[in-house]
Amino acid sequence: MSKKAKTVTLILSSLILAAIAAGGYWLLQETKPQTCEICQRHIHEHSRAVLLLGKERVAVCCVRCGITHNVQAGKPGELVEVTEYLSNKPMKPEAAVYVEGSRVSLCDAHEGAMMDQTKRPFNLVFDRCEPSTYAFAKREDAQAFVRKNGGKLLSWEELRKEAELKP
Ligand SMILES: [Zn+2]
């Protein structure tokens with residue numbers, strides 16, 4: 001190999017190394033675990049939602065957690081973004097179809113520490129993320145999910161109405 005070729009090879013390999021390092025860093029940032037600002041649970045990529053509290057955009061673990069917070073706070077924040085369960089893509093809440101109360105519960109049992117004195121998980125008694133509620137872009141997909149996992153279909157309007165009715 002000529003001296004020039006060696007230099008070129010050296011430069012190329014350091015460039016590649018730099019690219020790999022940058023890629024790794026990016027990946028680390030992207031996959032950094034996010035926690036729900038309301039219940040501190042890990043935010044699952046299938047169920048993430050964004051709540052507008054005042055002027056702040058707050059990432060929450062699921063649609064249900066955001067709604068429960070609204071009910072508890074008595075001053076509803078606005079859900080401004082939900083995640084499509086199948087594609088993990090963000091979408092507008094009013095454009096989605098929801099499946100409530102299926103057997104799938106992504107927010108379930110994340111924390112071994114969440115036990116009461118009887119050593120039973122709190123979520124058997126009360127879980128702010130239950131009944132689980134997930135968003136789908138297509139009604140057919142939501143129906144297929146219900147056939148497989150149970151639960152019922154709700155439109156955005158129905159979901160909101162239900163949340164308002166809760167004490
Ligand atoms: Zn939460």
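Predicted model: local features only at pLDDT ≥ 70, side-chain atom pairs only at ≥ 80, totals over all residues.
Residues are numbered from 1 along each chain as its sequence is written, and side-chain values use heavy atoms, with hydrogens and water left out.

D127 has a relative accessible area of 7%, so it is buried (under 20% relative accessible area; exposed is over 50%, partly exposed in between, with a 1.4 Å probe and protein chains only). A polar atom of the D127 side chain lies 2.7 Å from the backbone nitrogen of C129.

Now turn to the zinc ion. Its ligands are C36, C39, C61 and C65, each through SG, at 2.3 to 2.4 Å; donors are N, O and S atoms within 2.8 Å of the metal (3.2 Å for Na, K and Ca), and since water is not among the atoms, sites may look incomplete. The 4 donor atoms subtend angles of 104 to 118 degrees around the zinc ion, which makes the arrangement tetrahedral (four donors with all angles between 85 and 135 degrees). For orientation, the ideal angle for four tetrahedral donors is 109.5 degrees. Along the sequence, the donor residues follow the spacing C-x2-C-x21-C-x3-C. C36 belongs to the loop between α1 (3-31) and β1 (49-53) and C65 to helix α2 (residues 63-73), so this pair ties together parts 29 residues apart in sequence. Both C36 and C65 are buried.

The aromatic residues come next. Rings of Phe, Tyr and Trp (its six-membered ring) pair if their centres lie within 6.5 Å; planes under 30 degrees apart count as stacked, over 60 as edge-to-face and the rest as tilted. By this rule there are 5 aromatic pairs. One of them, Y85 with Y134, is tilted, at 5.3 Å centre to centre and 45 degrees between the planes. This pair links distant parts of the chain, with Y85 in the loop between β3 (78-83) and β4 (90-91) and Y134 in strand β6, 49 residues apart. Y85 and Y134 are both buried.

Y98 and W156 have ring centres 5.9 Å apart and planes at 35 degrees, so this pair is tilted. Because Y98 lies in strand β5 and W156 in helix α4 (residues 156-165), the pair ties together parts 58 residues apart in sequence. Y98 is buried, at 0% relative accessible area, and W156 is buried at 9%. Finally, Y85, Y134, F136 and F145 form one aromatic cluster.

Definitions and conventions:
Tetrahedral: all angles 85-135°; square planar, octahedral: opposite > 155°, others 65-115°. Helix = DSSP H or I, 4+ residues; strand = E, 2+ residues; numbered from the N terminus. Polar contact = N/O pair within 3.5 Å; in protein donor to acceptor, adjacent residues only side chain to side chain.
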